[in-house]
Amino acid sequence: MLKPDTLYKAQRVALYALFGCLNINAAYADFLEDSEKSIYLRNFYLERDFEGTNKDLGSWSQAMTGRFESGYTDTPIQVGLDLGFQYALRLTDRYDERLDTVFKYDQYQGRQERDYLKLGATLKFKYHDTELKVGELFPKTPVLFIDDSRQLVTTYAGAMLESKDIKNLKVSAGRFTHVNARDDDEYRKFTLGNSTDPNKRSDGLNFLGLDYNFTPQLTGSYWFGQLEDIYQQQYLSAAFTETVNKSKLKVDARYFNYKQDGEAYFGDIDVQSIGLQASVQNGPHTILTGLQKHMGENNIPLLNGYVPQAYLQSWSAIAFYKAKEFTWHVLYSYDFKEQGLPGLKLTLRYLNGSEIYREGFKDNKETEKNVIINYTVPEGKLKGLGFEWRHIRADIQYGAGNNPGTDFVENRIMTTYTHKF
């Protein structure tokens, strides 16, 4: 096996040859010298207990993610390359015959695969404050968002441009064509939910986003997304922050509007959502509360591959995305740094959804309670080692009676560590 310094020298020689062939001479220097290389380890345990049934889900697994993120060449249009892999191994066979959305599931064998691997590469170009990325993408936007809630991360294929050349304005534009779900190792075309109809796959999601800083305290956003032949999405938001004495205040309003597009593979779509939340941070204490209301007879449309809509302010384990649903939620968080325990944080969250439209049922409602404890080693040889315990209780009721198999209690335990070379 090559020693690390020998491998590094080999990389340098290979890059000399590559850029020499391209007549770029010493342009490789920034490409390599400014690169970042890391290994991320995650041990992940999940168990979901559906009350009143024997259909519990869960798994215990170990994952490794490797990333190489290059710097940029010293050329008029700078060029870079990112490479990565994600690998997960199931450590036990318990519940492996059940789909739990953590591990890749073999429909023919009727069980989860023992391990799976994701590979990705991103070519990137930069000119002044404008950057274009093509290949594997990790967006965190109102039109598409990664999912890091299980073992491996959801990624996407496409092209995304971001420009900050205009003062106070960030312009984002591009096109996503495929999703690689958190429990999959293949890139697939977009559709809605769990649809397997090959005739209802979209060719791509086009988008344009504008984020503007009106003042240091006031920001606003407008995003447009077109999932071809399925829906069009518009998103508006405004946020105001202010510091009063030692308290940081923030008010955040968001609006979504979805309509069908083109061939309308899933029929008419007509749904809007409006949300308003406020937060106060004072020393180690943070309190957040908000309201959210969906309008129209459709659920918020969600993409295949369990793609989240994390810009919904009440997004959580049970999502609170249902037609006409009214949700109120409250969160309290405490940072134990001032108690001499830096790195330790406690979060409590409660969400209550009602007024849900579900044909044939009345008095539909759902609630969710979260207890989250995080700890990250702040210094020393184990700096960056992290632990998280997340306890979730969901109570779901359709109609006036009980609905066996809908309520659940879930526990997630994660241990993480990142090593940067």
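**Reading contacts, burial and salt bridges**

Student: Which residues does tryptophan 389 touch, not counting residues up to four places away in sequence?

Tutor: Contact means heavy atoms within 4.5 Å. Leaving out residues up to four places away in sequence, tryptophan 389 touches Val371, Ile372, Ile373, Asn411, Arg412 and Ile413. This is a predicted model, in which local features need pLDDT of at least 70 and side-chain atom pairs count only at pLDDT 80 or more, while totals for chains, interfaces and linings use all residues. Residues are numbered from 1 along each chain as its sequence is written, and side-chain values use heavy atoms, with hydrogens and water left out.

Student: Where is tryptophan 389 found, and with which side chain does its own side chain make a polar contact?

Tutor: Strands (E, at least two residues) are DSSP runs, numbered from the N terminus. Tryptophan 389 belongs to strand 20 (residues 386–397). A polar contact is a pair of N or O atoms within 3.5 Å; within protein, one must be able to donate a hydrogen and the other to accept it, and residues adjacent in sequence count only if both atoms are side-chain atoms. Here the partner is the side chain of asparagine 411, at 3.0 Å.

Student: Is arginine 182 buried or exposed?

Tutor: Buried means under 20% relative accessible area, exposed over 50%, and partly exposed in between (1.4 Å probe, protein chains only). With a relative accessible area of 6%, arginine 182 is buried. Arginine 182 sits in the loop between strand 9 (169–180) and strand 10 (188–189), and its side chain has a polar contact of 2.5 Å with that of aspartate 147. Tryptophan 389, at 34% relative accessibility, is partly exposed.

Student: How many salt bridges does the structure hold?

Tutor: Side chains of opposite charge can pair when their charged atoms come close. A salt bridge is a side-chain nitrogen of Lys or Arg within 4 Å of a carboxyl oxygen of Asp or Glu. The structure holds 25 of them. In one, the side chains of lysine 124 and aspartate 82 meet at 2.8 Å, N to O. Because lysine 124 lies in strand 6 (residues 115–127) and aspartate 82 in strand 3 (residues 78–90), the pair ties together parts that are 42 residues apart in sequence. Both residues are buried.

Student: Which residues are linked in a network of salt bridges?

Tutor: The network links Lys104, Asp184, Asp185, Glu186 and Arg188.

Terms used. Helices (H or I, at least four residues) and strands (E, at least two) are DSSP runs, numbered from the N terminus.
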